[in-house]
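Please read these notes with the model open beside you. They go point by point, starting with a single residue.

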Number of protein chains: 2
Amino acid sequence: MFETAELGRKLEKDDYEAAVPGLRTDLLRVQKQLHDADFPVVILVNGVDGAGKGDTVNLLYEWMDARYLFTHAFGKPTEDERERPPYWRFWMSLPRRGRIGIFFGSWYTDPILRRTYGKHDDDQLDATMRRVNTFEKALVDDGALVIKLWFHISKKQQKKRFRSLEKSPETSWRVSKTDWKHHELYDDFRAVCTRALRETSTGEAPWTIIEGTDERFRHVTVARHIIERIDQRLAAPTPSRPPPPNPDVPDPVTILDSLDLSKRLDKKNYEEALAQEQARLNKLSRKIAKKRLGVILAFEGWDAAGKGGAIRRVTHAIDARQYRVIPIDAPTDEEKAQHYMWRFWRHLPRLGRFTLYDRSWYGRVLVERAEGFASEVEWMRAYKEINDFEEQLVDYGIVLVKYWLHIDADEQLRRFRERETLPWEQYKITDEDYRNRDKMNLYEQAASDMLARTSTEFAPWTLVEANDKRYARLKVIRTACDRIESAL
Amino acid sequence: MFETAELGRKLEKDDYEAAVPGLRTDLLRVQKQLHDADFPVVILVNGVDGAGKGDTVNLLYEWMDARYLFTHAFGKPTEDERERPPYWRFWMSLPRRGRIGIFFGSWYTDPILRRTYGKHDDDQLDATMRRVNTFEKALVDDGALVIKLWFHISKKQQKKRFRSLEKSPETSWRVSKTDWKHHELYDDFRAVCTRALRETSTGEAPWTIIEGTDERFRHVTVARHIIERIDQRLAAPTPSRPPPPNPDVPDPVTILDSLDLSKRLDKKNYEEALAQEQARLNKLSRKIAKKRLGVILAFEGWDAAGKGGAIRRVTHAIDARQYRVIPIDAPTDEEKAQHYMWRFWRHLPRLGRFTLYDRSWYGRVLVERAEGFASEVEWMRAYKEINDFEEQLVDYGIVLVKYWLHIDADEQLRRFRERETLPWEQYKITDEDYRNRDKMNLYEQAASDMLARTSTEFAPWTLVEANDKRYARLKVIRTACDRIESAL
């Protein structure tokens, strides 16, 4: 794989100087065009130590508009990062649409080093590379341009480079002990990288190997490649948004129809049982704090199904310092400028804490699908993106409980009407709520598909019969307790 | 101070039930009006353990629209929080305009407990309370409504309350060992709180003491108070924005005129000295990582003064993982929805790291003043807010270097013209740059006032003669080294 980057290609000074003005102009041009475009650019700068990664990034900073260029370099994870699934820090560093993010080291660094040091075997390397592919595909599907640069020099060149840097007191600081240690491991490293790059050179996000020896050749190659790739992406047609779906779909029969909505609980039994479950949940909350277990409760369900009330019964039992309720409302512009999963990653709980999502990442396959805000291609691929997200949470050890609060159409209408008679509930009910009822079949179809496609062994749905609020609230808190208990 | 909250006031059940519908309706009404208004509401919930703080907050959640209500409870600071000045976590938790943030425990908790435990003396308590006042004033000046609720019960009542909670297995978890420990310290705690509340009951943000014994009385009092305060604030006239200042101010003579802009450096000396300083900075950067010292370099100066070039010479010497460059551009909507200092707090470096601000919090007293984006009242009070911000940074141990890169009008024009001839520099120059030149006097006056009012002993300005780029770049990096060295 790397043989083509050991050809000793060079660029003469005259040729270099002749090329630079055009490259600088083009870099600024694509950057400007990008600024008005609706996608982000992720540039990965990886490769062999001493192959000039840093120099080239510095040069890009000089040649481009540094105000719209962000570098992220990843060292040892911070406490905040360690307390979230491994990809959290990468999600949090993604550039906004219209911006360029340069990742100096990335999701490749840690898996490659682990394998090189012998902490992982080939199967584990392959598994991490599959996750990489899924992640990069999600970014590209969302419109991102992912440019992956691998800077290469031969072992001999590396030694020569380190020696020459060490000679001068002004540059000797640039060579560290780790560099020399890596030099000894060069051949192992090269073998691991060959495998990793082969697995991850996908159609969506191919690797480009940069011959690192000659500085001028390297600079020009990198600049040209970036210009070319951004130009290509700018020229790609944006998929046009299809019209919203036709609400006149036939009445679907779904798994939800099999729920027994007549389940009820009388006040006395409810109050006793609720107090018991709250005491239980409180004890469990102390245990999860001690065992440093994260918990996510995600609430979905029809309008007026009682999500808010159920959430309050849960939070009532937990120390306010230990939980956050995240209501999923219209995204802010910082959120809109990112992949739609970004805002959910953003609020992941630390270890030992709860996050309760009042509506969730399922909006994509529910309201966005039913209202035509997401195209079919977008919501179809969201199932996989969601499953992947949830798998990462569960792999990391988070307890994830997903609730669907279900009421029937009559009960919903009754609650809407009731709200209208209560002065303090009126605000909760708008014309839109009634409009959504007209699309009930569409929503039901969406909910049914969602339940079918996202009920995984690691993250099953909890269907809650919610025509009776007491029954629903108790089932919600009891399920949370059961799930936490079995995870402890 | 607390005697008036030990009167044993009660509300009968009938009166309570008669009051509730109106209160719920009003709470939702003010919340809705607030949603369309341009200010945030901060509600502090503090007070004696067992006085019903949690119950009342739960009730507010039930009565209000929970989607626009955020609770922040503060436990032991996380690593992320410990690595920033103490107020960072409060800044990061402030509600956006139009939203309500409930702070469960707050900037009062830690100082009051320290004094109660005898870790601080009265002078230290007073000093922390002065900081509190400055902070709250900044919020209120920016439009925020700060509602400070102190929940009180007598020592006897507290004991009674804990005992009764402990009796039932369903509520016994709500009383902790710390609660009993605090009960023993009740009298000391009360004395400290008396002092703290007296010092911080300001005109902008007065305390309201809530008698906590009777649940119904407490609920109604809190709800009424919140409605009243938000209604008052909604009725307050919004200050109208004055017209932009007249650019025809006389040519001011400022400290900047005394700079010797003829200072130059030849290429050879520059390159040698730069390499030396970069090697020195690199060594220092390792030391600050080890000693866990944070460094902030803030760059201000005329358009085309060479900020970007100077910044690159600095970052060149630092490991990419150790610094962030924050270009201050138009704020995002999340930033606009906060106090103008919020976006600078947001990017404070962790310990052992660098943040370089390419333009900074001084925008308020420079461009915003000169262009009339900030009213005179706003930019006048900004000097104090800025000094206070910087004092907090320096108190926390951060090395703060503020650069003013100075060029004269001729040199600026020369650079504008030069940029126009270089294809890759053209994007940097717009009509606006020329327009700003017409307001040069206004900008000079603003810069001069800024230097006069924000040159403090803890955060002096470094004036950089920048007509010669080499001279300027070297002075920038050398000053950074000197300042870091003397802090180590």
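1. Ala144(A) is buried, at a relative accessible area of 7%. Buried means under 20% relative accessible area, exposed means over 50%, and partly exposed lies in between, with a 1.4 Å probe and protein chains only. Ala144(A) sits in the loop between helix H6 (122–141) and strand S4 (145–152) of chain A. Helices (H or I, at least four residues) and strands (E, at least two) are DSSP runs, numbered from the N terminus. Neighbours within four places in sequence aside, Ala144(A) is in contact with Pro40(A) and Leu139(A). Contact means heavy atoms within 4.5 Å. Arg233(A) is 89 residues away along the chain, yet its C-alpha atom is 9.1 Å from that of Ala144(A).

2. A word on the basis of these notes. This is a predicted model, in which local features need pLDDT of at least 70 and side-chain atom pairs count only at pLDDT 80 or more, while totals for chains, interfaces and linings use all residues. Residues are numbered from 1 along each chain as its sequence is written, chains are lettered from A and ligands numbered from 1 in the order in which they are written, and side-chain values use heavy atoms, with hydrogens and water left out.

3. Now chain A as a whole. Chain A has 20 helices and 10 strands. Its C-alpha atoms fill a box of roughly 85 × 50 × 35 Å along the principal axes. Of the 488 residues in chain A, 56% are buried. Take the contacts in chain A between residues at least 6 apart in sequence: 82% of them join residues at least 24 apart. The accessible surface of chain A is about 21600 Å², and carbon and sulfur atoms account for 49% of that surface. Accessible areas come from the Shrake-Rupley method with a 1.4 Å probe; for residues, only the protein chains shown count as cover.

4. Which residues of helix H8 (residues 177–184) of chain A are buried? They are Asp179(A), His182(A) and His183(A). These residues lie on the same side of H8(A), because they cover an arc of only 105° around the axis. The arc is that of the directions from the helix axis to the C-beta atoms. An α-helix has 3.6 residues a turn, so residues three or four places apart point the same way. Lys177(A) and Glu184(A) are exposed on the other side of H8(A).

5. Asp15(A) lies in helix H1 (residues 13–36) of chain A. It is partly exposed, at 44% relative accessibility. Asp15(A) and Phe217(A) are 202 residues apart in sequence, but 9.8 Å apart in space, C-alpha to C-alpha. Glu391(A) belongs to helix H16 (residues 376–396) of chain A. Glu391(A) is also partly exposed, at 30%. Its C-alpha atom is 6.8 Å from that of Phe458(A), a residue 67 places away along the chain. Leaving aside neighbours within four places, Glu391(A) is in contact with Arg131(A) and Phe458(A).

6. Check the backbone at Arg359 in both chains. Most residues other than glycine have a negative phi. Phi of Arg359(A) is near 70°, a positive value. Phi of Arg359(B) is near 70° too. Arg359(A) is in the loop between strand S8 (354–358) and helix H15 (367–370) of chain A. Arg359(B) is in the loop between strand S8 (354–358) and helix H15 (367–370) of chain B. Arg359(A) is partly exposed at 28% relative accessibility, and Arg359(B) is partly exposed at 27%.

7. Last, the cavities. How many cavities of 30 Å³ or more are there? The count is 10. A cavity is a set of points, on a 1 Å grid over the protein atoms alone, where a 1.4 Å probe fits but cannot get out; lining residues have an atom within 4 Å of a point. Grid points are joined across faces, edges and corners, and a volume is the space filled by probe spheres set on the points. The largest cavity holds about 120 Å³. Its lining draws on both chains, including Tyr323(A), Asp358(A), Asn58(B) and Arg67(B). H12(A) gives the largest share of that lining, 4 residues.

Terms used. On a 1 Å grid over the protein atoms alone, a cavity is a set of points where a 1.4 Å probe fits but cannot get out, and a pocket is an open set with protein on both sides within 12 Å along at least five of seven lines; lining residues have an atom within 4 Å of a point.
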